[in-house]
Amino acid sequence: MLVQISPVISSTLVSMTIGYAIGLPVSKYFESNIRMRLLIAPVIGLGIFGAAGVSVFHLLPLTASNLILIVVALFAVALWLSKGAIEPLFRSPTSPSLSWLAVAFLLCLLPTFAIIPQHYGESVGVGYPIWDHAKIAIVNEIAQNGLPPANPFHSQAGTPPTLIYYYVWHFIAACSSVVTGASGWEADIALTGLTALFSTSVVSWLAVARSRSANAAWWVLPLLLAGSLKSIVRFASGKWLDTWMAHEHGLQTWIVQAAWVPQHLFSGTLTLIIVLAYLRILYCDAGGNLVLAAFMGAMLASAYGSSMWAGGFSLLSILPIIGALSVPHVLRAKRLLEVAISLSSAVTIAALCAGVLVREQSSIIHARKVVAFWVFPIFLGGNWFYDVPGFWAVLLLLEFGVVFLAFIIWSFSIVSDETIRRPHIDRAIIVAVIAPLFCTQFLHSVIMYNDLGWRVLIPSLLLMTAMTAALFSTRIEKNTLVGRLTTMTAIIFLVPSILAGAQCVYAANFKFRVEGPETEEGIAFKASPEMWKAVRQVTPSAEAVANNPLDLASVTRWPGNIAWAVLSQRRNCGTPLGLLRAYAAQLTPEQASGVYEFFVDAFEGNATEDQLRVMKEKYLCKTLVVTSRDGLWGKPVLDNNSVYKLVSEEKGKWRIYR
């Protein structure tokens with residue numbers, strides 16, 4: 001079996017228990033309605049636990065008993081600090097029903113289906129998002145060897161082994177693996193589904209709290225399923241769109257982000273909670289802000305530690321603007337000293353919890369360029385004068401159609417809304433939507449792909465969805481200008497957007513299961529757990545294996561050794577080029593290409609004894625795994641060398657050397 005359902009369920013229960021134990025007491029600061037607090041508590045709890053746990057387990061061994069002790073301690077601290085009456089940010093008169101929760105749960109299974117093995121005949125395939133879940137190797141590394149995590153994607157003698165990546169989300173998954181014994185893949189599936197559910201819950205909570213209508217939660221569900229309208233336009237017009245629009249990778253909607261990058265979605269969801277905590281500190285003089293600031297600091301560290309983009313750059317662009325807008329109120333209320341102390345406490349806690357992450361990741365600044373300025377290319381020809389308005393008038397409309405247009409309508413409608421208007425919250429929501437979008441427009445990451453552009457806007461996307469749901473629940477079919485515009489937007493854009501989202505879901509979740517094909521590599525992938533079990537029997541968890549970077553290359557959308565990443569539970573010294581470029585921060589792009597080409601050349605059958613020695617001594621590949629699909633299979637150098645000796649094999653399928 002590639003994965004089993006029982007460890008997935010047990011991992012889900014462990015993560016939920018941690019989230020609720022720590023988060024439920026703290027949720028009192030945000031909401032008075034207990035049923036609404038149940039929606040937001042697990043994100044708050046895991047946000048506090050993530051960065052705090054990373055800091056603690058840099059000092060303690062990551063064991064089940066230590067984990068339980070730390071969770072109990074954090075629960076006791078959260079309960080003690082949150083005792084007594086607390087003035088919440090929202091007092092919602094209503095909440096979503098249990099039937100809504102059931103439908104939301106089913107919706108949030110879709111991202112997990114994208115990374116669950118799909119069977120077709122005797123062959124097994126995986127959806128496209130599995131490529132970004134190659135970071136399952138990080139989950140296994142943390143679960144087996146603790147913190148700080150060594151780099152499971154590359155090893156080289158004489159270089160620091162520490163992984164340079166934001167791994168708090170993967171640490172949380174590893175914790176459930178340690179407690180339950182689930183594999184990294186199973187723990188990843190569980191936390192991916194939970195992250196989607198928690199994100200849905202927080203968006204629904206904000207939509208209901210803002211509109212004071214339980215129907216807003218129902219509107220959230222189809223809006224989250226919405227996809228980019230580009231595919232609909234291409235279907236209707238053929239190649240017309242591509243004749244004038246730049247061929248730049250598009251932005252991504254919730255249903256895509258939830259399946260591909262749950263760590264960024266988790267960070268973006270935390271960002272919403274952090275912004276609201278920030279607002280309470282700035283505008284609410286009801287006591288408890290110093291305690292809330294401590295919790296906010298831990299969540300800040302987790303947001304950054306799960307995504308440099310969604311929880312780092314986005315918050316850097318949002319919080320200063322909201323703070324500047326609050327200055328007149330703070331001065332009028334004579335709360336400058338109180339606010340300064342609270343925010344200083346938040347920064348101090350964030351620095352304590354995230355300090356080790358910042359130190360580990362800062363080394364990339366000396367080796368690689370991370371971010372560059374640009375104007376997001378919209379039209380062919382590269383004229384920035386047209387690209388600047390085109391970003392707002394064309395790209396965002398195509399990518400986020402219904403939620404982008406409805407958010408604009410909501411923004412104008414709140415000016416005349418005197419019944420449920422919360423001016424400081426409304427201003428903060430508008431800032432938190434627009435500021436990350438400006439980051440996407442004028443900044444991009446250059447490590448490998450434009451991850452910054454795709455992920456920094458996640459808080460914007462979540463907030464636009466929440467406000468669209470709030471607008472639809474209160475204004476649709478109303479005989480006013482806003483009501484008519486809202487109704488028209490829903491009629492024109494909602495159904496095409498859902499169809500586009502359903503197309504993405506089918507391609508990622510069900511296409512292989514329905515259409516196949518049955519392939520030799522798919523059959524080999526299905527059988528690979530036995531090989532990796534044999535590898536683990538002879539390879540300690542702190543050692544790396546050499547395995548063809550292009551083994552099972554056709555199983556994934558981009559050629560790469562996905563079986564190692566999701567099944568081996570061991571480090572690799574020569575991974576696919578994309579993983580080397582992204583996670584071997586000490587290598588320049590040229591050096592990464594050199595390492596990749598060295599291993600590809602060796603496994604094509606050109607390895608000499610000297611190359612095998614380089615593999616073992618320079619790249620620290622203590623174990624060599626060769627399959628019958630490799631060009632190296634059966635070469636005389638494997639039988640007659642002083643570097644590697646055969647230790648295990650399955651006739652005609654694979655051999656393991658040490």
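In what order do the five strands of the open sheet lie? Let's trace them in this predicted model. The order is β6-β5-β7-β9-β8, and the pairing is mixed. At the edges stand β6 (571-572) and β8 (646-650), each with a single partner strand, so one side of each has no neighbour in the sheet.

Further in, you can follow one pairing closely. Strand β7 (residues 621-627) runs antiparallel to strand β9 (residues 654-657), and four bridges link the two.

Helix α22 (residues 520-538) lies across β5 (544-547), β7, β8 and β9, and runs at about 15° to β9. Helix α25 (residues 589-606) also packs on the sheet, where it touches β5 and β7. The direction of α25 makes about 50° with that of β7.

The largest nonpolar core has 204 residues, and the members that touch the most others are Phe 30, Phe 171, Trp 185, Trp 205, Trp 254 and Phe 525. Helix α8 (residues 184-211) contributes the most to this core, with 16 residues. Both domain 1 (5-156 + 163-509) and domain 2 (520-657) supply at least three residues each.

Leaving aside residues up to four places away in sequence, Phe 171 touches Phe 49, Gly 50, Gly 53, Val 54, Phe 57, Leu 62, Ile 142 and Leu 147.

Notes:
Residues numbered from 1 in each chain as written. Predicted model: local features only at pLDDT ≥ 70, side-chain atom pairs only at ≥ 80, totals over all residues. Heavy atoms only, no water. Core = buried A, V, L, I, M, F, W, Y, C linked by side-chain atoms within 4.5 Å. Buried < 20%, exposed > 50% of the residue type's maximum accessible area, 1.4 Å probe, protein only. Domains from an automatic or database assignment. Contact = heavy atoms within 4.5 Å. Pairing = 2+ DSSP bridges. Axes fitted to C-alpha atoms, helices over the stretch in contact; angles between N-to-C directions.
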